[in-house]
Amino acid sequence: MKTQNVSRTVLAAGVGAVLAATALVYLPELVGQGPPRPPGPAERATIAAHAGAQAALPDLAALITDREKWLRAHPDDEASWAELGAAYTERGTRLGDVRDYPRAERALRRSLAEKPAARGNLDAQLGLGALAGARGDWKTAREWGERVRKADPRRWSAYPVLMDAYNGLGDYKAAQKAMEGLEGLHAGAVVRTRAAQTYRDRGWREDADAAALAAAALAETGAEKAAALARLGDLAWERGEPEEALTRYGTALRLVRDHGPSLAGRARALTALGRTDEALREWRAALGRLPLPEYVLEAGELYESLGRDGEARAQYARLRTGTWVRGEVTLALLDADHGDPAAAVTRMRAEWARGHRSVRVADALGWALFRTGRPQEALEFAKRATEEGLRSALFAYHRGEIERALEQSGPARRHLAEALRINPEFSPLLAPKAVKALAAVGEPPDELPKELRREPEERSTAAAGSPGRQRKAAGASGAAESSKPSESPGQAEQADSSKS
C-alpha cells in the first residue's frame, strides 16, 4: 500500500519527462524595445516540461487548453498532438482521473496518423509508453520505451518510462541499467528523484534520502519541489519516523496547498502518532483531491481499527465498485483481508501470468495464498518479496505470519520483529496484530534445538575421549615426536660423553 503512493509520485515524474520530450519552447514576444512580457500559464508549463520539471496543475491545464485550441486550427500538427497526449497523461496521473487516459490515447494515435512511427515520430511513441505505464500495462510500456531507445539512445526521456516498466515487471537489474543510462544523459531533480526510488528499492535508505534531498534542492518549480518533499516524507514514514515525515509533508503542502500525496502522507503520519481525528480529516481531504485505490483501503482500515465498522465497509465498497487503473494489488489485499481470499489468489495469479512480477505482486500473491490456507506455497512468494532489497514492514509482517503458520518459529520471530523494527506503526490494523503474533511466538529457547543437541552418552564419551579420538591423539603425539629434528652422529657422541 505504501509503495503504491511512492510509485505514483515517481510515475508522475516519468510522465513529466515525456512531456519534456514533446514540449515546444515558447519564446516571449518582444514588444518594441521594452522587456519581454512574462510567460503565461501555458508557456510556463512548456518551459517547465522542456527543463524536465513538473508544472503546476493550473499551468498544465492551461497548456492543454492552448494545445486543444491550436489543433482545432492546425489538425495536421503531429508534434502538438503528441504534446497534448503527454499532457493528458500527466494530468490524469497527478489527479487520479482515469478519464484523461482515453483522451491521451486518441491524441497520441492522431499524432501517429499524421506522422507514422516508421517516419520517426518518437514523441508519440514515447507518449504511448508513458500512457501504458500509467495504466499499469508494463509490457507495452517496455516495448514503446525500447523502440524509442533503439531509435535514439541519447533521448533521456525514454529512460524514466523504461524504469517504470522494468520495475513493474520485476526486472530490477534492467531498471538499474536504465537508471545508469539516465544519469549519463541528464541531470537535475528528475534524475535525483529516480535515483531515490532506485536506492529505496535496493534497501539503501541513507542513499535514497540523500538523493531525495538533492531532488528538492534542484527542483525548478513549486510542484516539483513538493513532489520531492513528499518523497522525503514517504521515506521518513517508511523507516518509522512519523514526526519527521509530518514536517516534510507540511513543507510540501505550504508549496502546493492541495498536494494529494502529501495529504495522504500526513494522514498516515498522524495515525502513527495517535492523532486519529486529524488523520481522518486528512484522509477525507486526500481522497477528495487524489482518489487512489491504496488511499481508499488505508482510510477504510483506519476506520476499522477504530471500531467504526460501518464507515470502514463504506470505503471497502467504494474500492470494490470503483473504476481504477493500477489497482490490482490493492484489490487483492482488500479481498485477502476483508473479503474473498480465493478471489485475491485468482487476481494475483492473472497478474503474475501477465509478467507483472514486482515485489508488490509477489507479496500480495503470497499473502492471498496464505489466507486461503496454503502457507507452504505462499512462502515462496513471500521470500521473493522480502529478499529483493526493498525494506517493507508490511512484507516482513506477511512473511512472519506465513512462517508462524508453518511452525518455523525462528524465521517467524525474526521477520515479525523486523516488521516492527522497520516501522512499528506500519498499519493501524496490522501493526497490533504483528505485536500479538510476535508475543505468541515467544522468546527463543535457552537450549539448542533437539537436532543439534547430543545425547547424554555422547557427551560423556566425548568428555572421556572416544577410541577414535584416542587414536587421533596418539597419532598426533607420534607425529609431534617424529617431527622433531633428528640428531647427527656427532651430536649423539657428544651426548654419550657428557653422560659418562
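Visitor: Which residues in α6 do Y101, A104, E105, L108, R109, S111 and L112 in α5 meet?
Guide: This is a predicted model. Seven names are on the α5 side: Y101, A104, E105, L108, R109, S111 and L112. In α6, they meet A124, Q125, G127, L128, L131 and A134.

Visitor: What is the orientation of α5 to α6, and what is the hand of the crossing?
Guide: Helix α5 spans residues 100-114 and helix α6 spans residues 122-134. They pack at an angle of about 160 degrees, with their axes 9 Å apart. That angle makes α5 roughly antiparallel to α6, since angles over 145 degrees count that way. The crossing of α5 and α6 is left-handed.

Visitor: Where do α15 and α16 stand, roughly parallel or roughly antiparallel?
Guide: Helix α15 covers residues 276-289 and helix α16 covers residues 293-305. Their axes come within 10 Å and cross at roughly 155 degrees. The cut-off is over 145 degrees. So α15 and α16 are roughly antiparallel.

Visitor: What is the hand of the crossing of α15 with α16, and which residues of α16 make the contact?
Guide: α15 passes α16 in a left-handed crossing. From α15, the contact takes T276, A279, L280, W283, R284 and L287. From α16, it takes Y295, V296, E298, A299, L302 and Y303.

Visitor: How do the residues of the contact of α15 with α16 divide?
Guide: R284 and E298 belong to this contact. Arg and Glu count as charged. The residues divide into two charged, one polar and nine nonpolar.

Visitor: What are α17 and α18 to each other, oblique or roughly antiparallel?
Guide: Helix α17 (residues 309-321) packs with helix α18 (residues 328-338) at an angle of about 135 degrees, the axes being 10 Å apart. Roughly antiparallel would need an angle over 145 degrees. The crossing is left-handed. The pair α17 and α18 is therefore oblique.

Visitor: Which residues of α18 meet α17, and how does the contact divide by class?
Guide: On the α17 side stand Y316, L319 and R320. On the α18 side stand T330, L331, L334, D335 and H338. The contact of α17 with α18 divides into two charged, two polar and four nonpolar residues.

Visitor: What kind of aromatic pair do W367 and Y397 form?
Guide: A search of the whole structure finds six aromatic pairs. In the pair of W367 and Y397, the ring centres are 5.9 Å apart and the planes are at 50 degrees. Planes under 30 degrees count as stacked and over 60 as edge-to-face. At 50 degrees, the pair is therefore tilted.

Visitor: How many residues apart in sequence are the parts tied together by W367 and Y397?
Guide: W367 lies in helix α20 (residues 359-371), and Y397 lies in helix α22 (residues 393-405). Both W367 and Y397 are buried. The pair ties together parts whose separation in sequence is 30 residues.

Visitor: What is the phi of E407, and is E407 buried or exposed?
Guide: E407 is in the loop between α22 and α23. Its phi is positive, about 60 degrees, although E407 is not a glycine. The relative accessible area is 71%, and the cut-off is over 50%, so E407 is exposed.

Visitor: How many helices and strands does the protein chain have, and what share of its residues count as buried?
Guide: The secondary structure comes to 27 helices and zero strands. The chain has 500 residues. The share that count as buried is 51%.

Methods:
Residues numbered from 1 in each chain as written. Predicted model: local features only at pLDDT ≥ 70, side-chain atom pairs only at ≥ 80, totals over all residues. Heavy atoms only, no water. Axes fitted to C-alpha atoms, helices over the stretch in contact; angles between N-to-C directions. Helix = DSSP H or I, 4+ residues; strand = E, 2+ residues; numbered from the N terminus. Parallel < 35°, antiparallel > 145°, perpendicular 65-115°, else oblique. Left-handed = near helix turned anticlockwise from the far one by under 90°. Contact = heavy atoms within 4.5 Å. Phe/Tyr/Trp six-rings, centres within 6.5 Å; stacked < 30°, edge-to-face > 60°. Buried < 20%, exposed > 50% of the residue type's maximum accessible area, 1.4 Å probe, protein only.
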